[in-house]
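I am opening a notebook on this structure. The entries below follow the order in which I looked things up.

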Amino acid sequence: MAAFKNLVRFATGEQQYYGELIRTENNRFTVQQFNGNPFDGLVLTDKVHHVSSLLSPVENTPLIICIGLNYKEHAKEANLTVPTYPPVFTKPADALAGPFESIPIHPDAQSHLDYEGELTVVIGKDAKNISAEDALDYVLGYTAGNDLSARNFQLPEASGGQFCYAKSFDKFAPIGHVLVAAQEIKDPQGLSLVTRVNGVPKQTTNTSDMIWGVREIVSHLSRGTTLRKGTVIMTGTPSGVGFFRKEFLKDGDVVEVELGGVAKVENTISYE
């Protein structure tokens, strides 16, 4: 069992800590400080802090792994045939961002900038050759994430069908605001997922629409490959992405992704 229920990370002065989220009120967070980290051990202290913002719920990651074409309705809107195995691509560690950060957008990534709200998984311990039956035992927790994408670099004529470059710019993977412990979510395939742009819902679904569930994804990714603790897995986006709406993100837009009513990122797009 994890030592936390709703894990956050925060700063006081120049110091950064993990903490248990106790209360959110008027855009302020009350957190109880942990010593240590969630991968090597957390010890709850009696120190309580009141902070106005939160950092990414994990300090860093060895790798961000993303799954494509993983919602039935999204496959329909894209008019794509579902393959035998989930499409897999990666983002580098520097794509990780906090839940309330502004996201700097390089000029070459601005013309077709898109959102992808996703259920996001953090691996808690090294995993290799894991069965689907045992897969959830390796999950530290669940959070909300946004797989930001520069579609102009993703189009087949630009990339030959590769996704990685279009999605790998710095801070293109904000996650948070809390990491909900795995034991607190009995079924990750029963969570609501909503993406809003400037307060307007663009994606509204439930993770029950996923083609490959968390168990199958973790098992597949661990086949002959070590998933290191701290690995972040973005499990795919539902229908309603901007590309098929012919709507792309602009400077100053605020993108929210809310998972299960418990985790949310809210990031402002900032053109460089």
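**Entry 1: aromatic rings.** I began with the aromatic cluster made up of F153, Y165, F169 and F172. The rule I used pairs rings of Phe, Tyr and Trp (its six-membered ring) if their centres lie within 6.5 Å, and calls planes under 30 degrees apart stacked, over 60 edge-to-face and the rest tilted. I note that the model is predicted, that local features need pLDDT of at least 70 and side-chain atom pairs pLDDT 80 or more, while totals for chains, interfaces and linings use all residues. Residues are numbered from 1 along each chain as its sequence is written, and side-chain values use heavy atoms, with hydrogens and water left out.

How many aromatic pairs does a search of the whole structure find? It finds nine. One of them joins F89 and F163 edge-to-face, with 5.5 Å centre to centre and 75° between the planes. F89 belongs to strand β6 and F163 to the loop between α2 (156-159) and β13 (173-181), so this pair ties together parts 74 residues apart in sequence. Helices (H or I, at least four residues) and strands (E, at least two) are DSSP runs here, numbered from the N terminus.

I then checked burial, where buried means under 20% relative accessible area, exposed over 50%, and partly exposed in between (1.4 Å probe, protein chains only). F89 is buried at 9% relative accessible area, whereas F163 is partly exposed at 30%. F169 and F172 form a tilted pair, 5.1 Å centre to centre with 35° between the planes. F169 is buried at 16%, and F172 is buried at 0%.

**Entry 2: a charge over a ring.** I found K125 over the face of Y138, 4.8 Å from the ring centre. The rule asks for NZ of Lys or CZ of Arg within 6 Å of the ring centre and within 35 degrees of the ring normal.

**Entry 3: helix α3.** Is helix α3 mostly covered or mostly open? Helix α3 (residues 214-221) is mostly covered, with six of its eight residues buried. The buried ones are V214, I217, V218, S219, H220 and L221. I listed what covers them, and the list includes β5 (64-67), β6 (88-91), β10 (117-123), β11 (139-146) and β16 (232-234). Contact means heavy atoms within 4.5 Å.

Entry 4: I took β10 next and found seven of its seven residues buried. G117, L119, V121 and I123 point one way, and E118, T120 and V122 point the other way. In a regular strand the side chains alternate between the two faces of the sheet.

I count two strands as paired if DSSP finds at least two bridges between them. β10 pairs with β11 in the antiparallel sense over seven bridges, and V122 has G141 in β11 as its bridge partner. β10 also runs antiparallel to β16, joined by three bridges, with V121 opposite I233.

β5 is covered on both faces: I64 and C66 on one side, and I65 and I67 on the other, are all buried. β5 pairs with β6 in the antiparallel sense over four bridges, and I65 has T90 in β6 as its bridge partner. With β16, β5 pairs in the parallel sense over three bridges, where C66 has M234 as its bridge partner.

**Entry 5: an open sheet.** I traced an open sheet of five strands in the order β8-β18-β17-β14-β15, with mixed pairing. Which strands are at the edges? They are β8 (102-105) and β15 (200-206), each pairing on one side only. Within this sheet, β14 (residues 192-197) and β17 (residues 254-259) pair in the antiparallel sense over five bridges. T195 stands opposite V257 in β17.

**Entry 6: domains.** The domain assignment, which is automatic or from a database, gives domain 1 (6-51) and domain 2 (64-271). Their centres, taken over C-alpha atoms, are 25 Å apart. Eight residues from domain 1 and 11 residues from domain 2 take part in the contact.

**Entry 7: E25.** E25 is partly exposed, at 47% relative accessible area. The C-alpha atoms of E25 and S52 are separated by 9.9 Å, and the two residues are 27 residues apart along the chain.
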